[in-house]
Amino acid sequence: MVSIIEKVCTKLPTKYGVYTTFLFVDPEDSLQREHCALLLGTVQKNMLLRIHSECFTGDVLGSTRCDCGEQLRLSLERIAEKKNGILLYLRQEGRGIGLAEKLRAYNLQDEGYDTVDANLRLGHQADLRNYDVAVAILQYLHVTSVDLLTNNPNKMHTLEEAGIILNKHEIKTTWGDESLVVQADISTVAGVEEAGFAQALDYEVRRKGIKVTLIAPGSVRSNFAMGHGRSQKDMKRCDILNPEDVADAVPKF
Ligand SMILES: Nc1nc2c(ncn2[C@@H]2O[C@H](COP(=O)(O)OP(=O)(O)OP(=O)(O)O)[C@@H](O)[C@H]2O)c(=O)[nH]1
C-alpha cells in the first residue's frame with residue numbers, strides 16, 4: 001500500500017476547463033516524483049477517469065511514434081464534454097524506464113527490434129509501470145467508482161483489486177481499431193503472439209472464474225495444415241502429431 005502526501009492544490013485554467021490541480025508525492029519514492037491529479041467539477045459516482053503515464057515525446061512534442069499525446073488530448077476533451085472527470089498524470093515516463101532509456105529503445109526499434117525486445121535488450125522489463133499511486137490518489141480524493149478511459153487491462157485490475165468500482169471505456173485514437181488493442185498490447189508484452197492472445201483472453205474472463213490454458217502443440221496432421229503449405233510427404237513425418245494426441249492431452253490440464 002502506497003502512501004501519498006498532497007504537496008499543493010491550485011486552480012488551473014486550460015482550454016478544456018478550469019481544473020482543480022493537485023500535486024502528490026509518495027514520501028518513500030527515492031525519485032520524489034510529483035504526480036498530478038486534474039479534477040474537473042466535483043467528485044461523483046462513475047466519473048470519467050483517465051490514468052495517463054507521462055510521455056514527454058508524445059504529450060509535449062507531439063511525437064507520432066506513439067499515440068500518447070492524442071490519448072491525452074482526447075481524454076481531456078471527453079472530460080470537458082461531460083464537465084466532470086479526473087485525469088491522473090503519473091510520472092512514469094517511457095513505461096517506467098525513463099526518458100533516456102525510452103529514446104535508446106527507439107534507436108533499437110529503428111534497428112528492427114519491437115518495443116518489448118528493445119526494452120529487454122536494454123536490461124529492463126517489458127513494462128515497469130505501477131498503478132498503486134493512482135489508487136492512493138483516488139482513495140485520497142474519495143473516488144469510489146469510475147468510468148475508466150483505457151485499453152490497458154493492468155490498470156483495470158489494479159483499480160478493481162483496490163475495490164474501486166469500474167466501468168471500462170475504450171479510448172479510440174487514430175491508431176486503428178482499439179477493440180483489438182487489449183489483445184495487441186498484451187501480445188506485444190508476451191512477445192509471442194499466441195501466448196499473448198491467451199493471456200488477453202485470460203484477463204478478460206478470469207474474473208468470471210474461467211481459466212484459460214494455452215495448448216500450442218506445433219504441427220498437427222489436418223486439412224488445415226495441408227492448406228497452409230504442408231505436403232502429403234510432411235503429413236507422413238513421425239514428428240507431426242495426430243489430432244487425437246492433442247485431444248488426449250487436453251484433460252491432463
Ligand atoms: N519503453 C517504451 N515506452 C513507450 C513506448 N511508447 C510509448 N511509451 C510509454 O508508454 C506510456 C503510455 O502509457 P499510457 O498513456 O498509460 O497508455 P497505455 O498503457 O497504452 O494504456 P491506455 O492508453 O490506458 O490504453 C508512456 O509512459 C510512454 O512514454 C516505447 O516504444 N517504449
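A residue counts as near a molecule if one of its heavy atoms lies within 4 Å of it. Keep that in mind as we look at the ligand in this predicted model.

**Around the ligand**

How many residues surround the ligand? There are 24 of them, and the closest are Glu54, Arg129, Thr150, Asn151 and Lys155.

Several pieces of the fold take part. Strand E4 (47–53) supplies at least two residues of the shell, and so do helix H2 (68–82), helix H3 (99–110) and helix H4 (115–121). Which element gives the most? That is E4, with 4 residues.

Now let's zoom in on some atoms. Each row below pairs an oxygen atom of the ligand with part of a residue.

| Residue | Part of the residue | Distance to a ligand oxygen |
|---|---|---|
| Asparagine 151 | polar backbone atom | 2.6 Å |
| Asparagine 152 | polar side-chain atom | 2.8 Å |
| Glutamate 93 | N or O atom in the side chain | 3.3 Å |

As for cover, the ligand has 670 Å² of accessible area on its own, and the protein covers 95% of that.

Key:
Residues numbered from 1 in each chain as written. Predicted model: local features only at pLDDT ≥ 70, side-chain atom pairs only at ≥ 80, totals over all residues. Heavy atoms only, no water. Polar contact = N/O pair within 3.5 Å; in protein donor to acceptor, adjacent residues only side chain to side chain. Areas by Shrake-Rupley, 256 points an atom, 1.4 Å probe, with all protein chains shown as cover.
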